[in-house]
Amino acid sequence: MTASLTFLGAAGTVTGSKFLLDTGQGRLLLECGLFQGLKELRLRNWAPPPFDPAGLTAVLLSHAHIDHSGYLPRVVRTGFTGPVYCTSGTAELLRIMLPDAAHLQEEEAEYANRHGTSKHTPALPLFTVGDAQKVLGLVRPVAVNTSVAVGRGVSARFVRSGHILGAAIMEVRVGETRLVHSGDLGRYDVPIMPDPEPVPEADVLLVESTYGNRLHPREDPAALLVQAVQRAVDEKGWLLIPAFAVGRSQEVLYTLRELEETGRIPTLAVYLDSPMAIEATAIYARHPEEEDPATGPFVPRRFHLARSVQDSKALNDVDGPVIVIAGSGMATGGRVLHHLRRRLPDPRTTVLFVGYQAAGTRGRLLKDGAREVRIFGEEVAVRAQVVVSDAYSAHADQGEILRWLKGFKRPPRMTYIVHGEPEAALALREKISQALGWSATVAEAGTTVPVV
Ligand SMILES: [Zn+2]
């Protein structure tokens with residue numbers, strides 16, 4: 001039996017994860033992610049799929065993030081009808097994330113049609129909510145640490161990676177050969193999520209390198225949060241936290257409760273103003289088995305949900321001190337924009353960003369000290385205090401990736417570095433060859449390598 005692997009995405013970049021495994025008896029797609037970010041990347045989502053979707057045996061997903069799952073509705077729209085294997089946590093998160101991604105695509109097409117900004121008439125969405133629903137009908141949740149047949153002569157096992165709920169490392173066996181894909185590796189000793197689990201053996205290894213060239217700060221990750229809460233109390237103002245719905249929002253909620261329990265912050269009203277984050281929090285609460293066994297109470301003592309648009313608008317009348325968590329995490333859209341428009345001009349407000357702020361986003365402008373930002377076509381003065389915490393990340397840093405790699409009992413025959421910008425991937429390759437003496441190479445988009 002021979003088998004080969006083609007790098008179709010997350011090679012030289014962090015999005016669009018897609019690796020095609022061809023065993024001669026079947027074709028499996030490991031990951032089915034959307035390209036995101038720069039326009040030249042996003043345009044790749046519109047090209048015909050670089051494989052025949054109807055000819056795919058199955059798709060395997062490491063986790064629910066859109067850069068790993070968001071191309072599935074497109075693949076289904078173009079003919080795929082096979083099974084999609086993932087963990088049960090991932091399956092639940094897909095139920096909220098894929099329809100949401102489809103909704104955004106429909107909105108974009110509608111906007112283009114209204115404003116005539118597309119070359120195509122009518123502009124069509126990349127995929128629809130209906131396509132996303134079809135994907136959900138194909139999802140086959142599998143238990144972690146259990147080997148399941150996923151094609152002729154091919155089996156797969158999902159091992160916890162600790163990145164977000166349900167996230168897994170995938171071990172794919174083709175005959176006697178073991179192909180291991182790290183997926184997105186989580187961190188060690190962080191709240192809620194377990195440590196990435198070691199995998200003893202791989203013949204061919206794919207390892208992510210998002211932070212392959214850096215180490216996360218070692219200081220107390222909660223220190224800035226404590227200061228920000230204290231400022232809200234002193235100023236009787238709002239603490240507004242733009243946060244991603246899945247993962248980050250839950251980590252912030254959990255940390256707030258822990259800080260209340262240990263007396264480091266007073267108990268304040270905390271509002272979660274994001275329908276998707278509310279659903280994701282419920283999914284996290286339903287899956288304690290996915291979490292670090294030491295995980296305690298999940299939400300702050302005075303916790304309120306703003307589900308409807310009316311609930312969100314009613315927050316306008318809430319005076320500080322109060323904590324409001326709303327999406328999106330980089331202030332590129334979502335309910336947080338309404339709050340920012342209202343609260344940024346108020347010097348009593350504290351805005352705490354808890355994640356990476358990409359170039360070109362409002363979050364980045366605010367982080368860089370903008371005195372004014374444009375929201376809904378208006379210039380909004382920034383008199384609030386803006387604080388950015390780099391302490392929160394769902395990705396292993398270079399040291400943590402190395403720590404996971406040291407769990408292998410023998411060097412893989414070949415290691416391919418994926419899911420990183422070129423500098424990060426190259427730095428990780430150097431580190432792997434220096435520290436471990438393994439043969440490693442940076443995966444190149446479009447290339448095919450032998451597996452068996
Ligand atoms: Zn991810």
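In helix α4, Leu-94, Arg-95, Leu-98, Pro-99, Ala-101, Ala-102, His-103 and Glu-106 meet Val-129, Asp-131, Ala-132, Val-135 and Leu-136 of α5. By class, that contact has nine nonpolar, one polar and three charged residues. A heads-up before going on: this is a predicted model, where local features need pLDDT of at least 70, side-chain atom pairs count only at pLDDT 80 or more, and totals for chains, interfaces and linings use all residues. Numbering starts from 1 along each chain as its sequence is written.

Some terms, quickly. Contact here is C-beta atoms, placed from the backbone, within 7 Å. Nonpolar covers Ala, Val, Leu, Ile, Met, Phe, Trp, Tyr, Cys and Pro; charged covers Asp, Glu, Lys and Arg; the others, Gly among them, are polar. Helices (H or I, at least four residues) and strands (E, at least two) are DSSP runs, numbered from the N terminus.

| Pair | Axes come within | Crossing angle |
|---|---|---|
| α4 (residues 88–115) and α5 (residues 129–138) | 8 Å | roughly 160° |
| α12 (residues 398–405) and α13 (residues 422–435) | 11 Å | roughly 45° |

Axes are lines fitted to C-alpha atoms, for helices over the stretch in contact, with angles from 0 to 180 degrees between N-to-C directions. The crossing of α4 and α5 is why the two count as roughly antiparallel (over 145 degrees; under 35 is roughly parallel, 65 to 115 roughly perpendicular and the rest oblique). By that scheme α12 is oblique to α13. The α12 and α13 crossing is right-handed, and α4 also passes α5 in a right-handed crossing (the near helix is turned clockwise from the far one by less than a right angle).

On the α12 side, Gln-398, Ile-401, Leu-402 and Leu-405 meet Leu-428, Lys-431, Ile-432 and Ala-435 of α13. That contact has six nonpolar, one polar and one charged residues.

**Domains**

The assignment, automatic or from a database, gives domain 1 (4–214 + 394–450) and domain 2 (223–388). Their centres, taken over C-alpha atoms, are 29 Å apart. Across the boundary, 15 residues of domain 1 are in contact with 17 residues of domain 2. The domain 1 side has ten nonpolar, three polar and two charged residues.

**Pro-196**

Pro-196 sits in the loop between β10 (177–181) and β11 (204–208). Buried or exposed? Pro-196 counts as buried because it has 27 C-beta neighbours inside 10 Å (20 or more is buried, 12 or fewer exposed, in between partly exposed, with C-beta atoms placed from the backbone). Leaving aside residues up to four places away in sequence, Pro-196 touches Ser-161, Gly-162, Leu-185, Gly-186, Ala-396 and Trp-404.

Conventions
Contact = placed C-beta atoms within 7 Å.
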